[in-house]
Amino acid sequence: MSDREIKAAGEALLLKFATDPLAIPRAIKAKDFVSLAGIADIASREVSPSMALLHPARFRVMRRAISDYYVRGYALLDKDVLKRRALAQIAKGKQS
Amino acid sequence: MSSPRIDRKFLEGIFTRMDDALDADGASTKQTLCVFGASAVLLYGSDTRQTQDVDVWRNASDINDRALARMAKGAQLDLNPTELEVDKLYLQIVTDGVVQLPLFSKDRNLWAGGKPSETLWTGKNLTIIAPPPAVVAAAKMVRAEPQDIEDVVFIMAKKGLKIPDIKAAIATFPGEVRERASENLVYLQLVLPSDLSGKAKEKDVPER
């Protein structure tokens, strides 16, 4: 469940980033580790080629956004560190 | 009407026009402008950053007012505008005040902390320099708005900086901004790997 939450939040942040270049630093400042873990994970993989046929427009947007992610230097973000923080954040959210 | 924005290519064109303007009357003098902020980020090679102004740090520049006026006119830039026009690019000469940077020794061309300025562009008479990248990044962490955070991530990636480098630069800033910049570094420390963040590797991450 947590992995799915992280993936969904990451996709949402990536799509936001496609139109708002400051979406990622805003997430950093908000300590939104769930979205950041998701976007770092998506960026580290290829967008699934099957999406190109199912949702071509979304596929193009995500590919472009991932390129932009790297051009802006976000390869520095550590997906493992972020995942640990995201899981802690999700667990904390479920407790409260 | 949307405001004009400077990207890297456009910025280099501005410097070329400023340089030509210095040459135009045959009485050219060598001028050195120390840029910081977005202009420095653009000249480091950012393809995505844009700005409307060129900020110049007077204390580390070697300029005279006549030449400045001539350069601004030649490049069709407003010089130190008191009111901003949305459709006009401008040159802002900044001294100690709202913005604070570490001390700079013109004689030795060294910033507090012992690092020299970096030359980013050279023309016939005009040279564009910037503080060391760690100082540019440290200055951005004083405010740490989303745009600043994006710039610092880019500078770190492009220049191979680590958080301890930026911390060392922050230590050379005046006291009142030093604390704020250090506190703001936490935003980045929380998302970077331990070899960049300078923090010991954590097993289980306690959230701050």
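Two strands pair if DSSP finds at least two bridges between them, and strands (E, at least two residues) and helices (H or I, at least four) are DSSP runs numbered from the N terminus. The structure is a predicted model, in which local features need pLDDT of at least 70 and side-chain atom pairs count only at pLDDT 80 or more, whereas totals for chains, interfaces and linings use all residues. Residues are numbered from 1 along each chain as its sequence is written, and chains are lettered from A and ligands numbered from 1 in the order in which they are written.

**View 1. The hairpin of β7(B) and β8(B).**
Three residues lie between β7(B) and β8(B), which form a hairpin. The two strands pair in the antiparallel sense over four bridges. Within this pairing, B:T119 has B:I129 of β8(B) as its bridge partner.

**View 2. The open sheet of chain B.**
Three strands, in the order β1-β8-β7 (chain B), make up an open sheet with mixed pairing. Its edge strands, β1 (31-34) and β7 (118-122) of chain B, each pair on one side only. Neighbouring strands are turned by 30° against each other on average, direction ignored; axes are lines fitted to C-alpha atoms, for helices over the stretch in contact, and angles run from 0 to 180 degrees between N-to-C directions. Strand β8 (residues 126-130) of chain B pairs with β1(B) in the parallel sense over four bridges. In β8(B), B:T127 stands opposite B:T32. Strands of a sheet pair through backbone hydrogen bonds, either parallel or antiparallel.

**View 3. Helix α1 of chain B on the sheet.**
Helix α1 (residues 8-24) of chain B packs on the sheet and touches β1, β7 and β8 of chain B. Two residues are in contact if their C-beta atoms, placed from the backbone, lie within 7 Å. The direction of helix α1 makes about 135° with that of β8(B).

**View 4. The loop that holds B:Q76.**
B:Q76 is placed in the loop between α3 (65-74) and β3 (78-79) of chain B. B:Q76 counts as exposed because it has 11 C-beta neighbours inside 10 Å. A residue is exposed if 12 or fewer other C-beta atoms, placed from the backbone, lie within 10 Å of its own, buried if 20 or more do, and partly exposed in between.

**View 5. The interface between chains A and B.**
In this interface, 23 residues of chain A are in contact with 19 residues of chain B. Helix α5 (residues 146-159) of chain B gives the most to the side of chain B that touches chain A, with nine residues. That side of chain B divides into 13 nonpolar, two polar and four charged residues. Here Ala, Val, Leu, Ile, Met, Phe, Trp, Tyr, Cys and Pro count as nonpolar, Asp, Glu, Lys and Arg as charged, and the others, Gly among them, as polar.

**View 6. The fold of chain A.**
Chain A has six helices and zero strands. The radius of gyration of chain A is 13 Å, close to the 12 Å that the globule rule gives for 96 residues, so chain A is as compact as a globular protein of that length. This radius is taken over C-alpha atoms, and the rule is 2.2 Å times the number of residues to the power 0.38. Buried residues make up 38% of the 96 residues in chain A.
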